[in-house]
Amino acid sequence: MKTGDDEGVLQINSSASGAANGFQIDGLDTAGVNGESPATTYAKDATLEVAGGGGTSYTVNSSTNTFSNLMAGVTLVVSKEENNVTVDVANDNGAIADKFQALVDSANAMLSEIGNQTAYDPSTKKGSPLTGDFAVRDMSQKILSGVSTGLSWKTQKDAGEDVSAKIKSLKELGIELDSTGQLSFDRARFLNTYTTDPARAKEAGMALGDKFEALGDAMTTNLKSVITGRNNEITSLNDQIDNWDVRLKAKREALQKQYSDLEVSLGKLKDQSNWLSGQLAGL
């Protein structure tokens, strides 16, 4: 930064914060300008001192002003030094319901796109680009089946024993199929389920997320396989077309040579015919 006609200040910053990202530059003139030493601010972590039970306390460090390792699902962002700060944490049920709504909206968007790409108009007798494509139609069937079959997951008892938990119908979470083949989300029903038994609702939500993730992974693998197979088929057809071009070119050249030879033979026969005609005329 220029501070005068022939003077300036050089400031060097690390690209990342925290004590682990500090650095030191050797070789600078310690006398500096006007006898002043270069100013150095040493890298350090942000630190929180958390009061524990019985008058004890412990510290938590972060290379940034964001602390995400205090408790599950909670992130703190600090902006200045402060003493005796109390942080209150409460569940945001509305935000959780929003996540479920977003999941339902995403599934519906996918179902709608599949419907558009596979639609058939009987009045015009025209189909869409993917009409009749089993791989695409199978995707929507698996999504709808995944919703209609409910949920099953493993949970932990206090004794540590694995037991199975089930939700026969996702209607408990406010999710169900409507008459149009789309999913609907009843926000009030979900919030009632979550308020009544938040632990069960959380486990069911995680199981539903895992189920859709597994469906997504399986569909991705299947579509990649289908795309690879069809690309290979296209390549094979293009190779066959190229081979036919080569064969047709060779056949054309052979026919051209054959007809050229025939023209030569016909020319000779014509000459002989003319000669014979001349001989006969002279008799």
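## Reading a predicted fold

Biologist: Is Thr 118 buried or exposed?

Modeller: Thr 118 is buried, because its relative accessible area is 16% and buried means under 20%. One caution before we go on: this is a predicted model.

Biologist: Where does Thr 118 sit, and which residues does it touch?

Modeller: Thr 118 belongs to helix α1. Skip residues up to four places away in sequence, and Thr 118 touches Ser 128, Leu 130, Thr 131, Val 136 and Arg 137.

Biologist: How much confidence does the predictor have in the protein chain?

Modeller: The average pLDDT of the protein chain is 82. A score of at least 70 is reached by 91% of the residues.

Biologist: Which elements have the lowest and the highest mean pLDDT?

Modeller: The lowest mean among the elements is 68, for β8. The highest is 92, for β10. Where pLDDT is low, the predicted coordinates should not be read in detail.

Biologist: Now the largest nonpolar core. Which of its residues touch the most other members?

Modeller: Leu 151, Leu 173 and Ile 175 do. This core has 28 residues. At least two residues come from each of α1 (93–118), α2 (134–148), β7 (151–156), β8 (162–167), β10 (183–185), α3 (187–196) and α4 (198–282). The largest share is that of α4, with seven residues.

Biologist: Take Ile 175. What is it in contact with?

Modeller: Set aside the neighbours within four places in sequence. Ile 175 is then in contact with Phe 100, Val 104, Val 147, Leu 170, Ser 184, Phe 185 and Leu 208.

Biologist: On to strands. How do β3 and β4 run, and how many bridges join them?

Modeller: They run antiparallel, and three bridges join them. Strand β3 covers residues 66–71, and strand β4 covers residues 74–77. Thr 66 stands opposite Val 77, which is in β4.

Biologist: What do β3 and β4 form, and what is the phi of Gly 73?

Modeller: The two strands form a hairpin, with two residues between them. Gly 73 lies in the turn, and its phi is positive, about 80°.

Biologist: How many salt bridges does the structure hold?

Modeller: Six. To read one, find the two partners, then ask where each lies. Arg 187 pairs with Asp 98, and their closest N and O atoms are 2.9 Å apart. Arg 187 is in helix α3 and Asp 98 in helix α1, so this pair ties together parts 89 residues apart in sequence.

Biologist: Which residue meets Asp 133 in a salt bridge?

Modeller: Arg 230, at 2.7 Å from N to O. The pair links distant parts of the chain, 97 residues apart. Asp 133 is in the loop between β6 (126–127) and α2, while Arg 230 is in helix α4. Asp 133 is buried, with a relative accessible area of 10%. Arg 230 counts as partly exposed, at 41%.

Biologist: Where do the partners Glu 172 and Arg 200 lie?

Modeller: Glu 172 is in the loop between β8 and β9 (175–177), and Arg 200 is in helix α4. They are 28 residues apart. Their side chains meet in a salt bridge of 3.7 Å, N to O. Glu 172 counts as partly exposed at 34% relative accessibility, and Arg 200 is partly exposed at 28%.

Conventions: Residues are numbered from 1 along each chain as its sequence is written. Side-chain values use heavy atoms; hydrogens and water are left out. A nonpolar core is a set of buried Ala, Val, Leu, Ile, Met, Phe, Trp, Tyr and Cys residues joined through side-chain atoms within 4.5 Å. Buried means under 20% relative accessible area, exposed over 50%, partly exposed in between (1.4 Å probe, protein chains only). Helices (H or I, at least four residues) and strands (E, at least two) are DSSP runs, numbered from the N terminus. Contact means heavy atoms within 4.5 Å. Two strands pair if DSSP finds at least two bridges between them. A salt bridge is a side-chain nitrogen of Lys or Arg within 4 Å of a carboxyl oxygen of Asp or Glu. pLDDT is the predictor's confidence in each residue, from 0 to 100.
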